[in-house]
Amino acid sequence: CLMEDVEEHAGETFDTLVEKLESMGIEPAGYFLSVYPNFDMGTGQLDFIAGYEIGAKPDSLPEGLVYQEIPAHQAFGVVHTGPFCHLGNAWWIGQQHMMHDGVKQSHEVMPYDLCPVDFKTADQNQLRTEIYFPLK
């Protein structure tokens, strides 16, 4: 999808994810997570994988869902406070800062962001999203 459409798509995707996992008695243990295997800042086109932290690996999952762990890594982080419609600015700033400093992103661990599980009901001007760029 396009960066400008992420808020709408993320909301729908996370609703479906929560519904499927809660039907199994699995609730979020921390943050919602969006992983970005493809993110073209020039065109604003991106792909994202939605997930959330859970307490333990489940024995089984509904069709279409997978359990995945992010391996330990070092990362460059950016904190964005405010509505999702401006999140692309924080991503751009993070990437520009890394380029300026000559910092290289990992090709093994994809960039991701974390947002509170109550992001839909939270005050959007106070919404805190953490963006991480895993490093080589």
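I started with the largest pocket and read a volume of about 840 Å³. On a 1 Å grid over the protein atoms alone, a pocket is an open set of points with protein on both sides within 12 Å along at least five of seven lines, and lining residues have an atom within 4 Å of a point. Grid points are joined across faces, edges and corners, and a volume is the space filled by probe spheres set on the points.

**Ground rules.** This is a predicted model, where local features need pLDDT of at least 70, side-chain atom pairs count only at pLDDT 80 or more, and totals for chains, interfaces and linings use all residues. Residues are numbered from 1 along each chain as its sequence is written, and side-chain values use heavy atoms, with hydrogens and water left out.

**Pocket lining.** I found 27 residues lining the largest pocket, with Leu33, Gly51, Tyr52, Val66 and Gln68 nearest its centre. By class they are 18 nonpolar, 5 polar and 4 charged. Here Ala, Val, Leu, Ile, Met, Phe, Trp, Tyr, Cys and Pro count as nonpolar, Asp, Glu, Lys and Arg as charged, and the others, Gly among them, as polar. Which element gives the most to this lining? It is α1, with 5 residues. At least two residues each come from α1 (6-22), β1 (31-40), β2 (45-52) and β4 (112-116). Helices (H or I, at least four residues) and strands (E, at least two) are DSSP runs, numbered from the N terminus.

**Cavity.** I found 1 cavity of 30 Å³ or more. The largest cavity holds about 80 Å³. It has 13 lining residues, and Ala10, Ser34, Tyr36, Phe84 and Asp113 are the closest to its centre. α1, β1 and β4 each give two or more residues to that lining. I noted 10 nonpolar, 1 polar and 2 charged residues there.

**Sheet.** I then traced an open sheet of 5 strands, ordered β2-β1-β4-β5-β3, with antiparallel pairing. Two strands pair if DSSP finds at least two bridges between them. β2 and β3 (75-81) are the edge strands. The twist averages 25° from one strand to the next. β1 and β2 pair over 7 bridges, and Asp40 stands opposite Gln45 in β2.

**Helices.** α1 packs on the sheet, touching β1 and β2, at about 30° to β2. Contact means heavy atoms within 4.5 Å. Axes are lines fitted to C-alpha atoms, for helices over the stretch in contact, and angles run from 0 to 180 degrees between N-to-C directions. α2 (87-101) lies across β1, β3, β4 and β5 (128-134), at about 30° to β5.

Terms used
On a 1 Å grid over the protein atoms alone, a cavity is a set of points where a 1.4 Å probe fits but cannot get out, and a pocket is an open set with protein on both sides within 12 Å along at least five of seven lines; lining residues have an atom within 4 Å of a point.
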